[in-house]
Amino acid sequence: MKVVIVGSGNVATVFGKKMSCEGHEIIQVIGRNLERVKELASYFKADFTTSLFEISQSADLYIIAVSDAAISSVVKEIKLHEKLLVHTAGAVSKEVLSTCSDSYGVLYPLQTLNSEIIPIPPIPLLVDANNKKTLKGLIEFSSGWADSVLVANDEARLKFHVAAVFVNNFTNHLFAMVQDFCISNDLDFSVLQPIIEETVLKMRRYPSSEIQTGPAIRKDFATIERHKEVLKTYPELLHIYKTFTNNIIGYHEKDK
């Protein structure tokens with residue numbers, strides 16, 4: 001396929017690399033940041049522009065890979081008629097593209113992507129489209145370069161997006177707060193990395209509810225109080241500690 005990519009960030013870069021490795025041709029890159037657009041287009045030996053009015057009309061597929069908030073402004077400036085058009089957002093309906101083309105859908109990567117990271121991590125792709133023919137075409141196209149392809153409508157994709165925020169964004173923020181805690185107490189955060197990795201590895205084999213450990217599930221209230229004492233001067237961590245402790249206790253009591 002000949003592909004036009006609107007965007008020059010992480011998703012645009014990773015998608016472009018994955019597609020080009022499978023023989024698809026990136027013929028144009030469009031974006032606001034001239035230097036980034038020029039650099040990405042050079043990588044693919046493609047044309048580039050910062051103006052949507054100069055969008056090529058000779059591609060088979062057009063990918064809008066910009067921030068969720070920017071999609072609406074992009075669709076106001078393009079008209080592709082029957083050309084295949086997709087966006088890559090998890091929390092934006094496919095219907096935002098309905099005024100641009102008669103054939104549209106979504107290719108949403110359920111993965112945190114960074115254009116600088118090599119190798120590219122496995123990418124589960126959530127796919128949707130406005131009709132069966134377009135959906136079939138997107139599945140066939142993406143199956144060649146995505147690690148797995150799952151059909152998910154707007155509602156399901158939004159719920160996946162919420163779940164991803166919890167398991168990725170929230171946990172990463174928790175790690176950041178704990179890193180700060182370790183630094184302020186002259187502790188080496190890297191000592192915790194094996195237990196972090198082991199927790200994730202266990203989830204591949206067992207339900208998370210079955211591998212829960214710690215003082216909350218044991219109802220070790222003496223230890224819990226000692227932990228709270230340590231966290232008295234860290235109010236944000238203390239609040240999270242209390243919330244999670246109470247939730248773990250309540251979650252596992254309901255199963256009895």
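Buried means under 20% relative accessible area, exposed means over 50%, and partly exposed lies in between (1.4 Å probe, protein chains only). The model is predicted, so local features need pLDDT of at least 70 and side-chain atom pairs count only at pLDDT 80 or more, while totals for chains, interfaces and linings use all residues. Residues are numbered from 1 along each chain as its sequence is written, and side-chain values use heavy atoms, with hydrogens and water left out.

**Stop 1**

A salt bridge here is a side-chain nitrogen of Lys or Arg within 4 Å of a carboxyl oxygen of Asp or Glu. Helices (H or I, at least four residues) and strands (E, at least two) are DSSP runs, numbered from the N terminus. Asp128 is buried, as is Lys94.

Lys94, Asp128, Asp154 and Arg157 are linked in a network of salt bridges. The structure holds 10 salt bridges.

**Stop 1: along helix H5**

Select Lys159 and Glu155. They form a salt bridge, the closest N and O atoms being 3.2 Å apart. Both lie in helix H5, 4 residues apart, about one turn of the helix. Are Lys159 and Glu155 buried or exposed? Both are exposed.

Move to Phe166, also placed in helix H5 (residues 154-184). Select Leu158, Val162, Phe166, Val167 and Phe170 together: they make a nonpolar surface patch of about 490 Å². Patch residues have over 30% relative accessible area and no salt bridge; like charges are joined within 9 Å, nonpolar side chains (Val, Leu, Ile, Met, Phe, Trp, Tyr) within 5 Å. Areas come from the Shrake-Rupley method with a 1.4 Å probe; for residues, only the protein chains shown count as cover.

**Stop 2: Thr49**

Go to strand E3 (residues 47-49), where Thr49 is found. Thr49 is buried, with a relative accessible area of 6%. Leaving out residues up to four places away in sequence, Thr49 touches Gln28, Val29, Ile30, Gly31, Val37 and Glu54 (contact: heavy atoms within 4.5 Å).

**Stop 4**

Most residues other than glycine have a negative phi. Select His81, in strand E5. Its phi is positive, about 60°, although His81 is not a glycine. His81 is exposed, with a relative accessible area of 52%.

Then pick Asp186, in the loop between H5 and helix H6 (193-203). Phi of Asp186 is near 55°, again positive in a residue other than glycine. Asp186 is exposed, with a relative accessible area of 74%.

**Stop 3: cysteines**

How many disulfides does the structure hold? It holds 0 (a disulfide is a pair of cysteine sulfur atoms within 2.5 Å). Select Cys21: this residue is exposed, with a relative accessible area of 67%. End on Cys182, which is buried, with a relative accessible area of 4%.
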